[in-house]
Amino acid sequence: MKKPPAFFYKYKVTLALSAMILFIISLSVFIFSRQSLRLDEAQSLWQTSRSPLKIFNIIAQDVHVPLYHLMLHFWQVFLGNGVATGRALSMVFFVLSIPAIYFLGKLAYNKNAGLYAALLLSISPFMNWYGNEIRMYSLFTFVVILHQYFFLKLYKTADAERRGGYWFLYGLVSLVGIFTHYFFWFSLVSQALFYLFNKDLFQKGDFKKFLAVIMILLLAISPWLYYVLHLGTISNSSPQLEAPTTVDIFNTFSQFLFGFQIDYVNTILVSMWPLLVLFGFFGLQKSKKRPSSETMYFITALIVPMALAFIVSSIFRPLYLSRYLILSLPPLYLCIIAFLNNLPPNFKRFFEIVLVVVMVGMLFIEAFSAFTPVKENYQQATDYLTAHATADDTIVVSAPFTIYPVEYYYHGSSTLTTLPIWDRSHYGPIPPFDAATLPAQVATITQNHQNLWLLLSYNQGYEEPLRLYFDTHYQRLLVKNFSLDLNLYEYKLRY
Amino acid sequence: MRIRLFNSKKTPKDQKRFLNTTTPKGLVILNVVLLLTYFILLAFFFPIGNKVLFGLLIAGEVFHLWQLLTFLYTIWNTKGITPPDPNFHPPVDIYVTVAGEPKEIIEETIVAIKAMEYPEFKVYILNDGYVAHRDNWQEAEMVAQTHGVEVITRKVGGGAKAGNINNALRQTDNPFIVIFDADHVPHPDFLLKMMPHFSDPKMAFVQSPQYYKNYYLNEVTRGAWEQQELFFGPICRGKNRLNAVTMCGTNMAIRKEMLLEVGGMCEESIAEDFATGMFLHEHGFKSAYVGEVLAEGLAPEDFLSYYKQQFRWARGGLDLIFKYNVLFRKGLTLTQRIQYLASASFYVSGLIIIMNALIPVVFFFTGLVPVVVATMLLALIFLPYIFVTLYTLQGSTNFSYTFRSLAFSMSSFSIHLEALWSVITGHKPKFEITSKKKLTGNFLYLVKIHIVYIVLIAAGLIVAVHREGVSASVMANMAWALLNTVIFTQFIYLALPEQTPQPKETIEVAV
């Protein structure tokens with residue numbers, strides 16, 4: 001067999017990383033960017049279409065911090081509006097995350113580990129999903145990777161001058177992180193815990209520097225927190241989450257590795273958890289030393305955020321979502337690499353290949369399958385409405401917040417409203433569902449209309465009573481499903 | 001196609017680091033907390049499925065609880081004991097027990113013994129070749145003559161190795177004896193490191209590790225040694241602290257007066273060393289463990305020899321429970337009782353392993369399960385417990401414990417069951433010395449039960465899928481079954497015949 005040319009070896013890493021980046025961009029251009037806008041994305045577009053000050057106001061009432069939304073606002077100011085443009089911003093951070101995780105893996109282990117980590121990230125169905133979503137998650141991932149990189153640099157660098165630089169960069173990235181996502185604090189907690197149990201790794205005086213960074217971060221975030229508390233609407237944000245169960249924890253791991261699959265496939269995947277015990281057994285290999293401090297750190301950075309999110313959700317308020325925990329995804333991949341590195345070479349190669357093949361397979365299933373549970377085909381639904389609903393008809397959307405994606409795509413002549421009726425110009429949360437006032441609300445909506453189109457998605461607990469009300473009071477003409485839990489019903493109001 | 005699970009070609013630079021054991025106490029505490037959490041939730045809070053299966057599962061878990069708690073208690077502190085007088089060097093008689101081993105092996109040991117740095121010792125070859133009906137029995141006498149050491153050849157048998165030693169006790173004079181199996185070659189500093197411990201007047205015996213220098217030869221030798229690493233590393237070092245060191249029959253020194261007080265080496269048990277150590281402890285005498293490789297022996301090189309060695313140990317261990325009733329013997333402290341029972345009960349684990357392994361099989365054929373619980377909830381309490389346990393095991397052996405070792409221990413369930421059956425039926429086994437030459441042949445008959453298990457799993461899986469499709473329960477049970485299958489495959493692989501068969505060699509000595 002012919003040997004590859006010399007430049008291949010010289011630029012092996014650059015070529016490999018470029019190929020990975022090309023792969024994710026191709027997937028984005030040809031598949032992901034063509035998918036329908038989803039609720040969260042529509043919300044992002046709506047929120048960022050306001051002035052910066054108004055964005056602050058809207059986000060402060062939401063469950064997020066404002067950095068990404070401001071970036072998206074200015075991104076659109078310069079590059080124009082649109083789904084593809086919005087998604088491109090997320091893609092930029094996903095692309096940047098590829099070399100970032102390579103350097104993190106290289107720093108923690110070696111060049112090959114870095115490359116494999118980059119490969120896993122680039123074929124990750126989860127990352128590819130959020131690398132193409134108009135939300136802050138790919139930015140969050142990128143910032144977390146940088147944060148972990150500089151954290152490791154803090155104790156792996158002996159030179160005082162360079163350490164000073166890394167402290168500055170660590171602080172700077174932390175500052176960006178706390179304005180990217182509230183869960184970034186979990187990353188800081190993980191590092192604090194790691195520091196507490198590994199003080200010997202750090203230099204004298206590092207504790208004070210950590211404290212100083214935390215103080216700066218608290219000072220920086222306090223005006224924002226004051227503003228959020230002052231508005232006092234964060235607890236009313238929708239959609240409301242449910243308290244997590246143990247299933248959610250395993251689903252998180254499953255999603256991090258295999259993406260969003262239909263319930264049946266996901267159930268099969270997670271029910272094979274006893275194989276993890278077998279992998280644990282395989283991990284029993286003669287090793288020259290204990291697991292490295294880097295591996296211990298990645299284990300901490302993987303487990304602590306999940307545990308904290310679970311505990312907080314169980315005790316205070318549900319906030320456990322796998323996408324919020326995306327900060328644990330890079331540590332998961334790096335933990336897997338640490339585990340594989342401990343295996344005999346042949347075995348290691350075998351598992352590396354199996355993992356890549358399975359992940360790529362799952363990535364394509366996620367991308368192409370019409371049954372992928374996170375797909376929200378509002379585009380097709382509204383296209384249908386544009387084609388079939390007339391000026392005499394009215395379109396009712398529920399849950400109310402799903403009005404955003406519908407509004408984005410719908411260009412027909414029917415009136416658009418929500419149930420419960422939500423006046424977005426009115427300050428305050430979405431009105432709750434009230435069965436007693438439902439007939440009056442429906443009467444208001446149906447006045448002077450021929451047909452009513454009811455588009456139901458994001459069940460907030462009152463989807464069934466709503467549907468039953470219309471089924472029992474009006475003649476149902478049509479039912480149509482567009483994606484998982486996105487259903488359209490047509491009712492005859494009058495003849 | 002055989003999948004190579006282990007990297008057999010590489011030789012770690014530091015092969016004796018298993019002795020450098022310290023386990024963080026925080027890790028031990030965490031392990032206990034996770035273990036108890038898992039056990040309590042499983043036993044008391046989950047809805048019971050099939051009562052019989054649940055009973056079997058809980059019985060198994062009680063056993064695991066016992067094994068793990070005693071292990072964690074043992075490794076809590078593994079610091080060595082410093083002898084009161086490091087310059088205590090009393091005269092010693094050195095016994096080399098021989099029963100037909102090849103001349104070269106005996107010779108190597110004798111040469112090394114003679115090269116030991118020590119003021120006063122006398123060497124005896126205890127030759128049982130004649131009573132073992134070995135054709136080469138005179139070779140031991142020739143070696144003695146060549147190297148100017150004493151030889152005591154028994155002409156009347158009885159008591160196996162213990163009988164051989166007891167016979168020598170009557171014919172030698174020094175107040176301390178050191179025992180080496182024929183293949184265990186001591187280091188020059190063996191006596192200098194071992195004997196000072198006898199400056200404590202209550203010290204009855206001092207044990208050092210039974211290291212296998214042929215560790216790298218093949219999968220069997222590796223597996224045999226890696227199992228020993230856990231025992232001679234953290235476990236023996238922990239037992240040292242608790243004055244409950246296990247006597248291992250070789251690489252050890254004994255105070256003759258105390259040995260005679262307990263009636264010499266125990267001739268009634270197939271594991272004479274184990275029992276004799278216990279008798280010494282129950283007389284209130286002390287023991288010590290020198291956690292340093294001071295002699296190097298040979299591991300069994302083939303599957304049959306390994307099987308027989310393990311059977312002998314299992315049978316002897318079970319004797320301690322069923323014959324000597326270790327838990328209620330007078331004279332032993334509570335700690336010593338626990339330690340002896342913990343060591344001996346290891347050989348009951350085969351019963352637990354097969355019970356657990358059969359749970360997926362029963363599910364496949366009947367759909368019955370021991371507990372009705374969301375598999376994820378079970379995973380959430382089981383996985384942290386098992387991973388921390390594995391990490392503790394690894395950490396306690398200074399990262400020497402291997403999958404191979406675990407697979408050997410788990411797959412040995414068939415040996416343990418055979419030993420248990422032999423104890424229950426009162427069958428008196430023959431004392432078979434581990435062969436010092438590699439035996440070849442088809443040993444698949446020794447792993448029939450493992451093969452049957454895999455066949456049952458395959459058939460059961462078809463039945464289960466036919467019954468309920470590819471359900472979550474089927475997949476979870478399949479994963480458990482696969483785990484067992486991968487582990488048992490290791491044993492089956494070792495039992496397969498090699499290309500060039502050689503004549504079998506077995507040495508048998510009537511007890």
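Two strands are taken to pair if DSSP finds at least two bridges between them. The model is predicted. In chain B, seven strands form an open sheet with mixed pairing. Chain A is assigned two domains, and residues of chain A are in contact with residues of chain B.

**Sheet of chain B**
- The strand order of the open sheet in chain B is β3-β2-β1-β4-β8-β6-β9.
- At the edges are β3 (150–153) and β9 (286–289) of chain B, each of which pairs on one side only.
- From one strand to the next, the twist averages 20°.
- Within chain B, strand β1 (residues 92–98) pairs with strand β4 (residues 176–181) in the parallel sense, over six bridges.
- B:V178, in β4(B), is the bridge partner of B:I94.

**Domains of chain A**
- The domain assignment places residues 6–368 of chain A in domain 1 and residues 378–492 in domain 2.
- Between the C-alpha centres of domain 1 and domain 2 of chain A, the separation is 36 Å.

**Contact between chains A and B**
- The contact involves 31 residues of chain B and 29 residues of chain A.
- On the side of chain B that touches chain A, the elements giving two or more residues are α13 (375–396), α14 (403–411) and α17 (472–495) of chain B.
- The element that gives the most to this side is α13(B), with 10 residues.
- By residue class, the side of chain B that touches chain A comprises 25 nonpolar residues, five polar residues and one charged residue.

Conventions. Residues are numbered from 1 along each chain as its sequence is written. Chains are lettered from A and ligands numbered from 1 in the order in which they are written. This is a predicted model: local features need pLDDT of at least 70, side-chain atom pairs count only at pLDDT 80 or more; totals for chains, interfaces and linings use all residues. Helices (H or I, at least four residues) and strands (E, at least two) are DSSP runs, numbered from the N terminus. Axes are lines fitted to C-alpha atoms, for helices over the stretch in contact, and angles run from 0 to 180 degrees between N-to-C directions. Domain bounds come from an automatic or database domain assignment. Two residues are in contact if their C-beta atoms, placed from the backbone, lie within 7 Å. Ala, Val, Leu, Ile, Met, Phe, Trp, Tyr, Cys and Pro count as nonpolar, Asp, Glu, Lys and Arg as charged, and the others, Gly among them, as polar.
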